[in-house]
Amino acid sequence: MASFRAPPRKGENFELAADLNSEYREKRKDAIKRVIANMTVQKDVSGLFPDVLKNMQTDDLEQKKLVYLYLMNYAKTQPELVILAVNTFVKDTDDPNPLVRALAIRTMGCLRAEKIIDYLCDPLQKCLRDENPYVRKTAALCVAKLYDLKPELVIENGFLETLREMIVDSNPMVVANTVAALTDIHNSSVAAGSTEEIFVITNNVLSKLLIALNESSEWGRVAILNALARYNTESDQESEHICERVVPQFQHANASVVLAAVKVIMIHMRNVQSENLTKQLVRKMAPPLVTLLSNPPEVQWVALRNINLLLQKRPDILTNEMRVFFCKYNDPLYVKVEKLDIMVRLAGESNVDALLSELKEYASEVDVDFVRRSIKAIGQAAIKIDEAAERCVNVLLELIGTRVSYVVQEAVVVMKDIFRKYPSTYEGVIPTLCANLDELDEPEAKASLIWIIGEYANKIDNADELLGIFVDTFIEESYPVQLQTLTAVVKLFLRKPDSSQGLVQQVLNTATKDCDSPDVRDRAYIYWRLLSTDPGAAKTVVLAHRPPISLPRTTVSPALLEELIGEVSSLASVYHKPAETFVGRGRIGADTLPKTTGDVGDDKQATQKALQTVVAGQQAENLLNFDDPMADDQQPLGIAATAALAATPAAANLLAGTSSNPLDDLVSIFGNVSMGSVPAAAPQQNGLGSFGGLSFGATPMAPSAASPPPPAQPQQAQDDLLGLF
Amino acid sequence: MNNLYIVAVTKCNANAALVFEYCYRFISIAKSYFGKVDEEAVKNNFVLIYELIDEIIDFGYPQNSEIDTLKTYITTESIMSTATAIEESSKITTQATGATSWRRADVKYKKNEAFVDVVETVNLSKGATGHTIRAEVDGHILMRAYLSGTPECKFGLNDKLVIDKNDHGGMGDAVELDDCRFHQCVRLDEFDSSRTISFIPPDGEFELMRYRSTRNVKLPLRVIPTVNEMGTTQVSYIVNVKADFNNKLSATNVVIRIPTPLNTTSVDCKVPSGKAKYVPAENMVVWKIPRIQGGAELTFSGLAQLTSTTTRQVWARPPIDVDFQVLMFTSSGLIVRFLKVFEKSNYNSIKWVRYLTKASGTYQIKF
């Protein structure tokens, strides 16, 4: 294909132009191939437009396809020239060969040039009623393409009506494509703010779809199932009927068909009254979900993210199936991480032993990130299952015994959570933890250990010595460690005032004078004032009883969960976020969005605007997360998942306009992001917490300090959740 | 794969499962067209790739992705749109969109044959105390159909086959499948109502069925390791392997990988059969046995010498991994009882069935 001669002075394009005009057919075809090759590697060959166009009229299908390909690529930049091609296109739609007719109509739809669109309508009209199903199915999709470019034309020409009629076509693929096209048009018109129902699924259509379902190709089934998911049933019997007809699809080899079927069942199951049937459906759903795990890793990952959602909705779906989620040695990291999460969800008293021995194995693997998450999972199991807590603690102690630095550090962090859930139960392990003090170099681990020391100051004989180490290096530590040290020392002082007077003086001095973090300084001032004004009040504040933490059963709010269940297998369900947060502007563009809310009232519009800001912020964050780790790690998917973990439940509320207080929701969106991944630290509305964030003003603090916090600063309250205690 | 990335982009809330399934389908189509998928193949076939993509996806909606059908009208030679081609094209297009898009109507063979391969992969994870953490069979039934016309096939498995284990509890020796999935040619509604597997097969090779079984899994090789760390300088190994199946059969290509500590300097191995060698790069002893007769028992004994190290990290003891193949044996006990072919012309067809149980990288024993 490549030429051996050196290119002439006038460049490769000159040579190509000559060849395109050659009298020999083979030479011309070869030249077109080279043009396409150049186009593929992003060389500019748009100058050859007229020369390429000359080769359009040919009997050679391959050559025709190549020319079409070229046209699709350059139609947008050279619309005037494309007009020249229209004639051939229109002629081709009359060709006796159905492949040629379909090819012409398919390509015309892909030419994104306004000028050519007007010429598309007549041939399209004809092709929609073509006697050949292949042409019809291609034309059906062409309507969706046209709608994407110029919706008016579709409506003016009555293509929508034609499509609606085509649902009853005798050919399954035509039905499937028609359904896909109608759904596509429906969605973009809804997104554009239209209230008109473009694609109404009537009773009659429903029965047609159910019949076509079994005859369709795998991809067609997905399209039909998606349409079935949108159908609003008229009666419970109808819902049951749909469920019964869809269940056989669970046995399909294509994972997307299985997931689409799961979606339909999950949606229509809401209306199924018979408890028996519901049970049966849930039972039938389990094996196919498990089988999804024998797919390639990417598909597995999609399945796992969805199983995670389904479990939040129906925790009973996969009881007894925990073992299948055990990680295989060679699973990619992003699959392992999802499996871990699901394992913890499925953990119960009966299987926790198996889980723990499995997690212990993981903790000895090579990948640091995975090891950390495994240890975290042990902590989550301990918090979730009271009966197993002791066994979990024993496993953690064993792990600390390995003295591998990151294992020990993570175990310490996890132990802190266990102490919060079961106060004063496992004091026996404190000496072991303290013995590892020198091993810790990460702020979170350090802060956790300091918190434990402060909390149990009266049980640890040398607490003052241990804390003294941190007080001496106070300035070099990171802020979280400083905050924690400060609090721990104050706790120590309140419990053992005699031995630690000097220490508390030293730390307050350092914190107020030499520290450059306003948070640390402010907190030191508060303590100082509290201690000097009323030590009794200080005691009630600092040593107050803390509400126990628990493992949240869901990671998203119930409203969002419902929405995501209806989106099973889509990107939204994979990210665990509503589509608006990552799509932003679909095919319509962001500027049209505010228009849609104009009539609903100012209040809602403001909400929308606020949400958009959040969305924009999140997108920026997403991009960052996406770009950065890609360089050292070739698994963009796993990374995206981690980024997606910081889910924002409130966003859905906000969007749906259901929230009573928009401010609260916004705050919790931001709060969540900053909280990072401390799942055990359940948000608490303890009034005392907010003192950490309260700036110390000129007004003297009243001794009865335990009054509710000013509402203006709830966000910081969350930030400092563990801080003050 | 092969340093190529298959990338799909979207600007809407796309169906993620469909996208990934499609990408994998694209790879398999590409493989069947050019043999392998790598940079070289892409460069040499870019015109064909454009053509294929154009055909299998339109406006983001996957269309016909059946390799057999695609090959009828997307070929490596160029097609002329002549009068004869027109008739041909209408046939193709009707088939490509029809209810049996996977099969051409005019298939003819002198000898009508069908080959069925039952291939089972055993996933085993055995704990250090000898208990089974997980034993699962991942089964595939592959079929190569060389049958004329439009044959209607019926497929029968074991008489005592329980597919939904909750339907009938505890049938003793019955073969239980946790779940099964079928090629799109199988009529799912019929399977759902009467448990019969009936279909019109595509021409040539395809995967008819995939299944999973976790009950009554027969493990063909029993591996019992005894590993002792003697002080900090030596590790002793005794690994006993027993072939737990009929002595007329045999396991072939057996590879047993026994991990050694990272600071191993040498391993002294003694084996009754096959070859065992310490591979320092992978920190393991690889013991290869070309063939083990059913019922046979082999024992590996070895002693690893360690250098003294300063790191305090204990040895993680990764699992022993076993690869093998056993012909004419199924771990799940699944048997093909019959394959009936009905066709208008009523020809006789010859059917062949083969069984294979294997493991590669999934048969793990912890110690």
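# Surface, burial and salt bridges in a predicted model

Chain B exposes about 17,200 Å², of which carbon and sulfur atoms supply 52%. Such areas come from the Shrake-Rupley method with a 1.4 Å probe, and for residues only the protein chains shown count as cover. The model is predicted, so local features need pLDDT of at least 70 and side-chain atom pairs count only at pLDDT 80 or more, while totals for chains, interfaces and linings use all residues. Residues are numbered from 1 along each chain as its sequence is written, chains are lettered from A and ligands numbered from 1 in the order in which they are written, and side-chain values use heavy atoms, with hydrogens and water left out.

Reader: What percentage of the residues of chain B count as buried?

Author: A residue is buried under 20% relative accessible area, exposed over 50%, and partly exposed in between (1.4 Å probe, protein chains only). Chain B has six helices and 21 strands; helices (H or I, at least four residues) and strands (E, at least two) are DSSP runs, numbered from the N terminus. Of its 367 residues, the share that counts as buried is 53%.

Reader: Among contacts in chain B between residues at least 6 apart in sequence, what percentage join residues at least 24 apart?

Author: A contact means heavy atoms within 4.5 Å. Among the contacts of chain B between residues at least 6 apart in sequence, the share that joins residues at least 24 apart is 73%.

Reader: Which residues make the nonpolar surface patch of about 400 Å²?

Author: Patches are made of residues with over 30% relative accessible area and no salt bridge; like charges are joined within 9 Å, and nonpolar side chains (Val, Leu, Ile, Met, Phe, Trp, Tyr) within 5 Å. One member, B:Tyr5, is found in the segment before helix 1 (16-34) of chain B and counts as exposed at 59% relative accessibility. The patch of about 400 Å² is made by B:Tyr5, B:Val7 and B:Val9.

Reader: How many disulfides does a search of the whole structure find?

Author: A disulfide is a covalent bond between the sulfur atoms of two cysteines. Here it is counted as a pair of cysteine sulfur atoms within 2.5 Å. A:Cys127, buried at 1% relative accessibility, has its closest cysteine sulfur in A:Cys142, 8.1 Å away, which is too far for a bond. Over all chains, the number of disulfides found is zero.

Reader: With which residue does A:Glu218 form a salt bridge?

Author: A salt bridge is a side-chain nitrogen of Lys or Arg within 4 Å of a carboxyl oxygen of Asp or Glu, and the structure holds 48 of them over all chains. In this one the closest N and O atoms are 2.5 Å apart. The pair joins two chains because A:Glu218 lies in helix 13 (residues 218-230) of chain A and its partner in helix 1 of chain B. Both residues are buried, and the partner is B:Arg25.

Reader: How many residues apart are A:Arg373 and A:Asp369?

Author: Their side chains meet in a salt bridge of 3.5 Å, N to O. A:Arg373 is partly exposed at 23% relative accessible area, as is A:Asp369 at 33%. Both lie in helix 20 (residues 368-384) of chain A, and their separation, about one turn of the helix, is four residues.

Reader: Where does A:His576 lie?

Author: Most residues other than glycine have a negative phi, and most peptide bonds are trans. A:His576 is not a glycine, yet has a positive phi of about 60 degrees. At 4% relative accessibility, A:His576 counts as buried. Its place in chain A is the loop between helix 31 (571-575) and helix 32 (579-583).
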